[in-house]
Amino acid sequence: ILRKAEAVRNPSLDYAVDFTIHAVSQREKKVERDASYSMIANGKDRTVILMRSPSNLYGSLVLMADQRYWLLLPRALKPWELSPAQMLAGDIATGDLARSNLTKGYSATLAGEDALDGEPCWRLELAADNDRASYARIVYWIAKRGFLPRKLEHYGRAGTLAKVVAYGDYRKGTMGLRSMRLDVQSLDEWKETSTLTFTHLRKVD
């Protein structure tokens, strides 16, 4: 079940996509912000993300490979490796939620069945196998029809719910049926909701 769902959520393909993030923070006062990115993915574990806006971050690159992350700022001489703690907040963390490879670093068990918005789903429990995993536990709802990812709850090391991700707006294209919208709710101190909207999804030869 997990492998079939992950083939939809994070396919083992080379592809490119553009996406925007609209975030609303309620930490102290309501603050809205927007950002845009372009991403190239090499299979499940290697990713390059180009920051396009806001203008002060234009040209910055985020590199992701095998659960390690680097940030390369414009005019910097070398990339800066990010720690696992730094991957838990901000747009980089949101992008990591979309690209994390859950077939590695986690042990999965079938915990039950639920209906989400009337749709029958399997509920999987994922437990981290190593300390580099961003989250200790993930609850994953997968639609029985088509093995489509629907919702993931991410729990921190202390056992508290940190983030909730909902997958929607499934569209069929050259890469098959893919979610083109993610809604992310951060329940940590950031108190932020984010919407990722994907466009121009295409294969890369």
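**View 1. Strand 2 and strand 3 (residues 46-53) run antiparallel and are joined by seven bridges.** Let's start with how to read these views: this is a predicted model, in which local features need pLDDT of at least 70, side-chain atom pairs count only at pLDDT 80 or more, and totals for chains, interfaces and linings use all residues. Residues are numbered from 1 along each chain as its sequence is written, and side-chain values use heavy atoms, leaving out hydrogens and water. Strands (E, at least two residues) and helices (H or I, at least four) are DSSP runs numbered from the N terminus, and two strands pair if DSSP finds at least two bridges between them. Look for Ala41, whose bridge partner in strand 3 is Thr47. Three residues lie between the strands of this hairpin, where Gly43 takes a positive phi near 70°.

**View 2. Strand 1 (residues 14-25) pairs with strand 2 (residues 31-42) in the antiparallel sense, over 12 bridges.** Here, too, the two strands form a hairpin, with five residues between them. A handy pair to find is His22 and its bridge partner in strand 2, Asp34.

**View 3. Ile40, Val48 and Val204 form a nonpolar patch on the surface.** Together they have about 220 Å² of accessible area, computed by the Shrake-Rupley method with a 1.4 Å probe, where for residues only the protein chains shown count as cover. Patch residues have over 30% relative accessible area and no salt bridge, with nonpolar side chains (Val, Leu, Ile, Met, Phe, Trp, Tyr) joined within 5 Å and like charges within 9 Å. A salt bridge is a side-chain nitrogen of Lys or Arg within 4 Å of a carboxyl oxygen of Asp or Glu. Val48 is found in strand 3 and counts as partly exposed because its relative accessibility is 37%; buried means under 20%, exposed over 50%, and partly exposed in between (1.4 Å probe, protein chains only).

**View 4. The largest cavity has a volume of about 280 Å³.** Among the 23 residues lining this cavity, Arg9, Tyr15, Ala98, Ser179 and Phe198 are the closest to its centre. A cavity is a set of points on a 1 Å grid over the protein atoms alone where a 1.4 Å probe fits but cannot get out, and lining residues have an atom within 4 Å of a point. Grid points are joined across faces, edges and corners, and a volume is the space filled by probe spheres set on the points. Strand 12 gives the most to the lining, with four residues.

Conventions:
On a 1 Å grid over the protein atoms alone, a cavity is a set of points where a 1.4 Å probe fits but cannot get out, and a pocket is an open set with protein on both sides within 12 Å along at least five of seven lines; lining residues have an atom within 4 Å of a point.
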